[in-house]
Amino acid sequence: MAKQNTPELPPMDCEHCVYFVYDEEADADFCNLSLDEDEEVKFLSSGSRYCPWFRRYDEYKTVRKQN
């Protein structure tokens with residue numbers, strides 16, 4: 001059977017994700033993605049190495065849009 005061409009999700013690279021933020025008060029980094037309870041339980045119990053919500057942080061994206 002032929003292998004289907006399905007796009008592979010990027011591995012979790014939280015430090016380069018737009019949702020990964022630093023909280024000065026807690027002196028810690030955390031994921032700022034707002035998931036409901038069901039989504040969070042499903043994701044955490046899946047044991048997957050991939051995050052379906054991962055979006056690479058690109059600080060120059062806005063500048064490219066302006067030009």
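The structure is a predicted model, in which local features need pLDDT of at least 70 and side-chain atom pairs count only at pLDDT 80 or more, whereas totals for chains, interfaces and linings use all residues. Residues are numbered from 1 along each chain as its sequence is written, and side-chain values use heavy atoms, with hydrogens and water left out.

The chain contains 2 helices and 2 strands, arranged from the N terminus as β-β-α-α. Helices (H or I, at least four residues) and strands (E, at least two) are DSSP runs, numbered from the N terminus. Of the 67 residues, 9% count as buried. Here buried denotes under 20% relative accessible area, exposed over 50%, and partly exposed the range in between, with a 1.4 Å probe and protein chains only.

Between E1 and strand E2 (28–31) runs a loop that includes aspartate 27. The phi of aspartate 27 is near 55 degrees, a positive value in a residue other than glycine. Aspartate 27 is exposed, at 57% relative accessibility.

Helix H1 lies largely in the open, because 1 of its 10 residues is buried. At the start of H1, a side-chain oxygen of aspartate 36 comes to within 3.2 Å of the backbone nitrogen of aspartate 38. This is a polar contact, that is, a pair of N or O atoms within 3.5 Å; within protein, one must be able to donate a hydrogen and the other to accept it, and residues adjacent in sequence count only if both atoms are side-chain atoms. Aspartate 38 belongs to helix H1 and is exposed at 64% relative accessibility.

Asp36 and Asp38 also belong to a negative surface patch, together with Glu37, Glu39 and Glu40. Patches are made of residues with over 30% relative accessible area and no salt bridge; like charges are joined within 9 Å, and nonpolar side chains (Val, Leu, Ile, Met, Phe, Trp, Tyr) within 5 Å. Asp and Glu count as negative, Lys and Arg as positive, while His and the chain ends are not counted.

Serine 46 is also found in helix H1, where its side chain reaches the backbone oxygen of phenylalanine 43 at 2.8 Å. With 46% relative accessibility, serine 46 counts as partly exposed.

Two further pairs bring together residues separated in sequence. The structure holds 1 salt bridge, defined as a side-chain nitrogen of Lys or Arg within 4 Å of a carboxyl oxygen of Asp or Glu. Its partners are the side chains of arginine 56 and aspartate 13, at 3.9 Å from N to O. Arginine 56 lies in the loop between helix H1 (37–46) and helix H2 (61–66), and aspartate 13 in the segment before strand E1 (20–23), so that the pair links distant parts of the chain, 43 residues apart. Arginine 56 is exposed, with 51% relative accessible area, whereas aspartate 13 is partly exposed at 27%.

The loop between H1 and H2 also holds tyrosine 57, which is exposed at 52% relative accessibility. Tyrosine 57 and valine 18 are 39 residues apart in sequence, yet 4.6 Å apart in space, C-alpha to C-alpha.

Terms used. Areas by Shrake-Rupley, 256 points an atom, 1.4 Å probe, with all protein chains shown as cover. Charge placed at Lys NZ, Arg CZ, Asp CG, Glu CD.
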